[in-house]
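Student: I've got a model open and want to see how its labels follow from the numbers. Can we go through a few?

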Amino acid sequence: MVFETLVKVKKSKKEWRQQLTPEQFWVCRKKGTEPPFSGEYCNHKDAGIYRCVCCKVPLFDSQNKYDSGTGWPSFWQPLNEQSVATRPDLGLFSRATEVICSSCGSHLGHVFGDGPPPTNLRYCINSVSLEFDTQQD
């Protein structure tokens, strides 16, 4: 897959609300978290690409998905280093590393250092922030 340079997507809060469902808006734009084991892609096994629900940028390949037992789709690496970004998420009760879409800044989930080899990372992603595509670029 050839990865093109990301185009930064900027929309107003009103535009995001018009495009997204209330749950998508809460998770993606307000840093919410869907309940564990509730998301559409938690046990999803089909081959394809997971895209950002907000801007459609390819984020994760199903070949890098694994069952972490946490209740959220988990990946050991993103599709491309440019597709996601991370930043500290200093919550009231915990410290974590937030994963965001590099193109539109959408909150996707968090990354932890307890994943499988070869990266030992677990990208724990909200299903509602993803869109599945069987057509690979």
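Tutor: Asn 120 lies in the loop between β7 and β8, where strands are DSSP runs of E at least two residues long, numbered from the N terminus. This is a predicted model, where local features need pLDDT of at least 70 and side-chain atom pairs pLDDT 80 or more, while totals for chains, interfaces and linings use all residues. Residues are numbered from 1 along each chain as its sequence is written, and side-chain values use heavy atoms, leaving out hydrogens and water.

Student: Why is Asn 120 called partly exposed?

Tutor: Buried means under 20% relative accessible area, exposed over 50%, and partly exposed in between (1.4 Å probe, protein chains only). Asn 120 has 40%, so it counts as partly exposed.

Student: And what makes Phe 37 exposed?

Tutor: Its relative accessible area is 57%, so Phe 37 is exposed.

Student: Why is the pair of Tyr 41 and Tyr 50 called edge-to-face?

Tutor: Rings of Phe, Tyr and Trp (its six-membered ring) pair if their centres lie within 6.5 Å; planes under 30 degrees apart are stacked, over 60 edge-to-face, the rest tilted. Here the centres are 5.4 Å apart and the planes at 80°, so Tyr 41 and Tyr 50 are edge-to-face.

Student: How do you know that Tyr 41 counts as buried?

Tutor: Tyr 41 has 7% relative accessibility, so it's buried. Tyr 50, at 0%, counts as buried too.

Student: What sits over the ring of Trp 16, 4.1 Å from its centre?

Tutor: The charged end of Arg 29. The term asks for NZ of Lys or CZ of Arg within 6 Å of the ring centre and within 35 degrees of the ring normal.

How values were computed
Helices (H or I, at least four residues) and strands (E, at least two) are DSSP runs, numbered from the N terminus.
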